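Student: I have a model open and some time before my next run. Can you walk me through it?

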Amino acid sequence: MKQTIEYGLLYGEGFITVDWDATQGDAYGIDPETGIEQKAGDIEYNAYEPIDVIRAVNVNGSQYNQWYIIRRYENKFDLIAKYPEHADDILATNNKYDPLKQFKSSLVDLWSDEQIEVYEFHHARTDALPEGRYAKFINGCVVLLEGPLPYRNLNVYRLCPGELSGTPFGYSPANDLMPIQE
C-alpha cells in the first residue's frame, strides 16, 4: 500500500493487485497422487506505476474501466517451475530494451537475463463477458494461463490523490510542480 501511495503522489495514480497464490503459505500435507507438498495459500499484493498498467483511456472516468493489462517482471526459472509445458518459450524470452524503464537501470538491474516481462489481462464480469477473463502471457503471444476471472470482482485497484476531470487519469499535487521544474 505504501508503494502504491507513493506512485499516486508522484505520478498522479498508482495501482495495486490483490491475488491469491496457492503455492505460498504453510504446508499442510502431501498430495498422494503427485507427491507434491500442498500449501494453504496466501494473499499477494503488488504495486504498479501507471506505466506498467494498460487500460482504456477513452472513458470518462476510471470507474468505467472494465479491463487492465498489468506488466510485471518475474524470474523465468520460477515461471518454468510453474508452467513446465512452456519451458522452451520462457527460456527463449529476453527483456526488450525499454527506454521508459532505462532511467531506473542505475538503481535496479531490470535487464538481467533471469527477469522477463510477464503480462496479466484482467477483465471484469460484464453482460458481454459474464465470467470475466484472466490471462497470463509473455512475448505477446505465448499464453501461460487463461480462463474465467478467478475473483468475484476485478482485483486491480487504483489509488490517486485526485481525479483529472472527464478522464481516466489521476491528478497529484506533484503535477503543479512541473512548470516550476521546467
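This is a predicted model: local features need pLDDT of at least 70, side-chain atom pairs count only at pLDDT 80 or more; totals for chains, interfaces and linings use all residues.

**Pocket, strands and charges**

Tutor: The largest pocket holds about 620 Å³ of space. Residues are numbered from 1 along each chain as its sequence is written, and side-chain values use heavy atoms, with hydrogens and water left out.

Student: What counts as a pocket here?

Tutor: The search runs on a 1 Å grid over the protein atoms alone; a pocket is an open set of points with protein on both sides within 12 Å along at least five of seven lines, and a lining residue has an atom within 4 Å of a point. Grid points are joined across faces, edges and corners, and the volume is the space filled by probe spheres set on the points.

Student: Which elements give two or more residues to the lining of the largest pocket?

Tutor: Strand 1, strand 6, helix 2 (76-82) and strand 8. Helices (H or I, at least four residues) and strands (E, at least two) are DSSP runs, numbered from the N terminus.

Student: Start with strand 1. How many of its residues are buried?

Tutor: Six of the eight residues in strand 1 (residues 14-21) are buried, so the rest of the structure largely encloses it. Buried means under 20% relative accessible area, exposed means over 50%, and partly exposed is in between (1.4 Å probe, protein chains only).

Student: Which strands does strand 1 run antiparallel to?

Tutor: Strand 1 is joined to strand 4 by seven antiparallel bridges. Four bridges join strand 1 to strand 10 (residues 156-159), again antiparallel. Two strands pair if DSSP finds at least two bridges between them. I16 shows both contacts: A47 is its bridge partner in strand 4, and Y157 stands opposite I16 in strand 10.

Student: And strand 6, how many of its residues are buried?

Tutor: Eight of nine, in residues 67-75. Strand 6 pairs with strand 7 (residues 115-123) over nine antiparallel bridges. For specific positions, R72 has V118 as its bridge partner in strand 7, and R55 stands opposite Y68 in strand 6.

Student: R72 is an arginine. Is it buried or exposed?

Tutor: Buried, and so is E74. R72 and E74 form a salt bridge, with the closest N and O atoms 3.2 Å apart. A salt bridge here is a side-chain nitrogen of Lys or Arg within 4 Å of a carboxyl oxygen of Asp or Glu.

Student: Which residues are in a network with that pair?

Tutor: The salt bridge network links E44, R72, E74, E120 and K136.

Student: How many salt bridges does the count come to?

Tutor: 11. Among them is R158 with E163, with closest N and O atoms 3.1 Å apart. E163 is partly exposed, at 47% relative accessible area. Another is E37 with K39, at 4.0 Å. E37 is partly exposed at 44%, and K39 is partly exposed at 31%.

Student: New topic. Where are the positive phi angles?

Tutor: N139 is one, with a phi of about 55° although it is not a glycine. N139 lies in the loop between strand 8 (133-138) and strand 9 (142-147). Another is G35, at about 80°, in the turn of the hairpin formed by strand 2 and strand 3. Six residues separate those two strands.

Student: How do the hairpin strands pair?

Tutor: Strand 2 (residues 27-30) and strand 3 (residues 37-39) are antiparallel, with three bridges. G29 has Q38 as its bridge partner in strand 3.

Student: What about E49, buried or exposed?

Tutor: Buried, because its relative accessibility is 6%. E49 is found in the loop between strand 4 (42-48) and strand 5.

Student: Last one. Which residues form a nonpolar patch on the surface?

Tutor: V57, L164, F169 and Y171, with about 310 Å² of accessible area together. Patch residues have over 30% relative accessible area and no salt bridge; like charges are joined within 9 Å, and nonpolar side chains (Val, Leu, Ile, Met, Phe, Trp, Tyr) within 5 Å. Areas come from the Shrake-Rupley method with a 1.4 Å probe, and for residues only the protein chains shown count as cover. Y171 lies in strand 12 (residues 170-171) and is partly exposed at 31%.

Terms used
On a 1 Å grid over the protein atoms alone, a cavity is a set of points where a 1.4 Å probe fits but cannot get out, and a pocket is an open set with protein on both sides within 12 Å along at least five of seven lines; lining residues have an atom within 4 Å of a point.
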